[in-house]
Amino acid sequence: MRKTLLIYLLAAVFFVAAADTFTWRVSAGEKAQTWTGFVTDTHCGTNCQVTKNMTPDLHCIKMCVKRGSKYGLWSGNKVYVLDPQSEAAKYAAKKVKVTGTMTGDTIHATSIVPVEPSAAVKRQ
C-alpha cells in the first residue's frame with residue numbers, strides 16, 4: 001500500500017514539474033508558428049534541385065541522412081532542422097505543413113501534416 005502511494009506521489013510531482021516547464025516555455029514568448037515546405041535533408045538542402053520547380057529526391061535524402069545529415073524543412077530559400085527527427089522521417093520528400101516553435105534554425109514541431117498538391121499542379 002505504501003509503495004503504491006509513493007508511486008502515485010512521485011508521478012504527481014513529475015507531472016506538476018512537467019506542466020510547470022511547459023508553462024515556462026510558453027510564457028517565455030514562444031508562440032506556435034506554421035511553415036509550409038518540403039522535408040529534405042540539411043546536407044543537400046536546396047542545392048540538389050536544379051530549378052526551383054523541382055522537389056527533393058527521396059533516395060538522395062535517405063542517403064544523406066544515413067551519412068549523418070538531419071531531416072529539415074525547405075521553406076523559402078532556407079532549410080531548417082526538424083525536431084523530432086523520427087516524425088520528420090515519415091514525410092521525407094513530401095510537401096508538408098509544420099506547426100511548432102523555432103529555436104535558432106531548429107523547428108520543434110508539434111504537428112507535421114502532408115499538404116495535398118493543388119488541382120492545377122496535379123499530374124494527369
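Biologist: Let's start with the strands. How many bridges join E4 and strand E5?

Modeller: Eight bridges: E4 and E5 (residues 106-114) pair in the antiparallel sense. Do keep in mind that this is a predicted model. You can check the pairing residue by residue. Val96 stands opposite Pro114 in E5, and Thr99 stands opposite Ser111 in E5.

Biologist: What sits between E4 and E5?

Modeller: The two strands form a hairpin with two residues between them. Look at Gly104 in that turn, which has a positive phi of about 65 degrees.

Biologist: Which strand joins E4 through six bridges?

Modeller: That's E1, and the two run antiparallel. Go back to Thr99 of E4, which is the bridge partner of Thr34. Thr99 also stands opposite Ser111 in E5.

Biologist: And in which sense do E3 and E5 pair, parallel or antiparallel?

Modeller: Parallel, over three bridges, with E3 covering residues 78-83. One place to look is Leu82, which stands opposite Ile107 in E5.

Biologist: Now burial. Is Thr40 buried or exposed?

Modeller: Thr40 lies in strand E1 (residues 33-41). Its relative accessibility is 1%, so it counts as buried; the cut-off for buried is under 20%. Leaving out residues up to four places away in sequence, its contacts include Gly45, Pro56, Ile61, Tyr71, Trp74 and Val79.

Biologist: What does Ser75 touch, beyond its neighbours within four places in sequence?

Modeller: Ser75 is in contact with Trp35, Thr36 and Tyr80. You'll find Ser75 in strand E2 (residues 71-75). With a relative accessibility of 16%, Ser75 counts as buried too.

Biologist: How do I read a helix? Which residues of H2 are buried?

Modeller: Here's the general idea. An α-helix has 3.6 residues a turn, so residues three or four places apart point the same way. Now the case here: in H2 (residues 58-66), Cys60, Ile61 and Cys64 are buried. Looking down the axis of H2, you see its buried residues within an arc of 100 degrees, so they line one face of the helix.

Biologist: What is on the other side of H2?

Modeller: There, His59 and Lys66 are exposed.

Biologist: What covers the buried residues of H2?

Modeller: The cover includes E1 and E2. One of the contacts of Thr40 in the list above is Ile61, and Ile61 is among the buried residues of H2. After H2 comes Gly68, with a positive phi near 120 degrees.

Biologist: How many disulfides does the structure hold?

Modeller: First, the idea: a disulfide is a covalent bond between the sulfur atoms of two cysteines. This structure holds zero of them.

Biologist: Which residue does Glu87 meet in a salt bridge?

Modeller: Lys90, at 3.0 Å, N to O. Glu87 counts as partly exposed at 24% relative accessibility, whereas Lys90 is exposed, with a relative accessible area of 52%.

Biologist: Last one: what is the mean pLDDT of the protein?

Modeller: It's 79, and 65% of the residues reach 70 or more. Over residues 18-27, though, the pLDDT is below 50, and this stretch has two contacts in the model beyond near neighbours in sequence. Where pLDDT is low, the predicted coordinates should not be read in detail.

Definitions and conventions
Residues numbered from 1 in each chain as written. Predicted model: local features only at pLDDT ≥ 70, side-chain atom pairs only at ≥ 80, totals over all residues. Heavy atoms only, no water. Helix = DSSP H or I, 4+ residues; strand = E, 2+ residues; numbered from the N terminus. Buried < 20%, exposed > 50% of the residue type's maximum accessible area, 1.4 Å probe, protein only. Contact = heavy atoms within 4.5 Å. Pairing = 2+ DSSP bridges. pLDDT = per-residue confidence, 0-100. Disulfide = S-S within 2.5 Å. Arc of directions from axis to C-beta. Salt bridge = Lys/Arg side-chain N within 4 Å of Asp/Glu carboxyl O.
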